[in-house]
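Subject: Handing over a structure

Dear colleague,

I am passing this structure on to you, together with some notes on what was found in it. Please look through it first and then read on.

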Amino acid sequence: MTIFVPGDRVRVRNDWPEAGPVRVHIRTPHYLRGREGIVERQLGSFPNPEELAFGKSGLPARMLYQVRFVRAGLWPGTGDGSADTVVADLYEHWLEPAEERHG
Amino acid sequence: MADAHVHAHQDHPHGPDEHAPIAAHGPSPESALLERAIRELLIEQGVFTADDLRRQIDLMDSRNPAVGAKLIARAWVDPAFKQRLLANAKAAAEELGIDCSNAPDVMVLENTPKRHHLVVCTLCSCYPKAILGIPPAWYKSPEYRARAVKDPRGVLAEFGTHLPDDVEVRVVDSTADLRYLVLPMRPAGTDGWDEDRLAVLVTRDSMIGVTVPTAAS
């Protein structure tokens, strides 16, 4: 699992485990799936809530990151509206390094 | 039946029936029964005792926005305390006798002239309960949760909060293991005020970030 540091550009995995046949508990909001953001800070390691929800240990603990997104980038067509941002707390297994942007 | 009722009344205007019986607002009988069944099972299985439960309810009842206001007012008058609050909110709360030992981690977000924080939990209703108590109903509503991340300035305007364009509105979605509390900016015109007087200005809504405290209020 990649360890990210503040300033790293990351992409939230565009996965939809809810669509599968197995019951899941996911704490990555739909509106952030597949979106790119910047790591704001590491928040420490926590037992994985996706397992805790089903009575498992959630271990090994997963690194939790605070990730910053540009609000206007999340909601196209709602005006560029300045530099407003949205930050969310996301577990390491939901993040992947983002490709370099072109242009 | 509904149609018959409407038609029977269509010939005269009438507003909401002031004499209607008070509707039940509590949980449905089914969820109340389910809660009781789960609670009794957990106690029977020794997961916790009835006394643990009572103590937890007592603790919850003792937490309210005045507790948070005390933290904020102290941070406004004591820069060293503010730094400790920003670095480790639970430890700083303990300094003021606020026991947060069994609560999730809390992070305090400092508003500045360039950045305003707005807290939401889009997934459910995560809230710094150990400090502020139970969240207001609107905080848990689907409308607030959906709109705070999409149109934060629109939401702020509905709370009467208008921020200049050059202030970054940073929406903080508490999606996981941290709870967030906003440290508002100290209002102008409060030089020389003591902590108690300042604390009165710190409202619940200003610690969620939907409003900004002012000395005029």
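To begin with two helices of chain B, the axes of helix α4(B) and helix α5 (residues 79-87) of chain B come within 5 Å and cross at roughly 130°, where axes are lines fitted to C-alpha atoms, for helices over the stretch in contact, and angles run from 0 to 180 degrees between N-to-C directions. The two helices, α4(B) and α5(B), are therefore oblique to each other, since angles under 35 degrees count as roughly parallel, over 145 as roughly antiparallel, 65 to 115 as roughly perpendicular and the rest as oblique. Helices (H or I, at least four residues) and strands (E, at least two) are DSSP runs, numbered from the N terminus.

Please bear in mind that this is a predicted model, in which local features need pLDDT of at least 70 and side-chain atom pairs count only at pLDDT 80 or more, while totals for chains, interfaces and linings use all residues. Residues are numbered from 1 along each chain as its sequence is written, chains are lettered from A and ligands numbered from 1 in the order in which they are written, and side-chain values use heavy atoms, with hydrogens and water left out.

Where α4(B) and α5(B) meet, B:Leu71, B:Arg74, B:Ala75 and B:Val77 of α4(B) are in contact (heavy atoms within 4.5 Å) with B:Pro79, B:Phe81, B:Lys82 and B:Leu85 of α5(B).

Leaving aside residues up to four places away in sequence, B:Leu181 touches several residues, among them B:Leu71, B:Ile72, B:Pro128 and B:Met207.

Turning to chain A, its secondary structure comes to two helices and five strands, which run β-β-α-β-α-β-β from the N terminus on. Of the 103 residues in chain A, 42% are buried. A:Pro60, in the loop between α1 (49-52) and β3 (62-70) of chain A, counts as exposed at 62% relative accessibility.

Technical notes
Buried means under 20% relative accessible area, exposed over 50%, partly exposed in between (1.4 Å probe, protein chains only).
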